[in-house]
Amino acid sequence: DNQYNVGDIIEVAGFRGVVSEIGIRTTSLTDTGGNVKIINNSDMRNIVNLSNKASFAVCDFPIPYEVKIADAEVALDKVLNTVQEKYPEVFPSKPNYSGVQLLDASAVVLRVVAEVDEGNRFKAARLLNRELKEGMESLGISCPYNQIVVHKAD
């Protein structure tokens, strides 16, 4: 039925991989670690074809409460421009700033989403994490870390 083809990335029965072979009785999937899963075609049910549509890499980036959100958004825009220029093969377009995701206990969390090919989804998320940390720090905005304040009782 042409639901998936060799080269597509699919998920079936909790296994995610590239369709490496489709035979008369079995289909072979290869995951990113090189592991091959052979599944009887009669057992191919509830398949998710991840190659049909664009995928999204998501990065949540915390900033200290002391930093004005507007200032962080200006810095973030500069960093996102360089990410797309630096890795055009991973990011066909500039990643998008989605807004404030969370007001956490020790940080304001900003969300960045990039539309990518499914084969680059995890690589793109790792690159975004790295480039956002490095880029934002170079512009004077560091990642906060959990702190505990202890008061000594007299």
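Predicted model: local features only at pLDDT ≥ 70, side-chain atom pairs only at ≥ 80, totals over all residues.
Local features need pLDDT of at least 70 and side-chain atom pairs 80 or more, while totals for chains, interfaces and linings use all residues. Residues are numbered from 1 along each chain as its sequence is written, and side-chain values use heavy atoms, without hydrogens or water.

1. The whole structure contains 0 disulfides (a disulfide being a pair of cysteine sulfur atoms within 2.5 Å). Cys-59 is in none, and its nearest cysteine sulfur, in Cys-143, is 8.8 Å away, too far for a bond. Cys-59 is buried at 2% relative accessible area, and Cys-143 is partly exposed at 22% (buried is under 20%, exposed over 50%, partly exposed in between; 1.4 Å probe, protein chains only).

2. An open, antiparallel sheet has 5 strands in the order E4-E3-E2-E1-E5 (strands are DSSP runs of E, at least two residues, numbered from the N terminus; two strands pair if DSSP finds at least two bridges between them). E4 (36-40) and E5 (48-49) are the edge strands, each with a single partner, so one side of each has no neighbour in the sheet.

3. Strands E1 (residues 9-12) and E2 (residues 15-22) are paired antiparallel over 4 bridges. Ile-10 has Gly-17 of E2 as its bridge partner.

4. Tyr-65, Ile-69, Val-100 and Leu-103 make a nonpolar surface patch of about 360 Å² (residues with over 30% relative accessible area and no salt bridge, nonpolar side chains being joined within 5 Å; a salt bridge is a Lys or Arg side-chain nitrogen within 4 Å of an Asp or Glu carboxyl oxygen). Leu-103 belongs to strand E7 (residues 96-103) and is exposed at 59% relative accessibility.

Technical notes
Patch = residues over 30% accessible without salt bridge, like charges linked within 9 Å, V, L, I, M, F, W, Y side chains within 5 Å. Areas by Shrake-Rupley, 256 points an atom, 1.4 Å probe, with all protein chains shown as cover.
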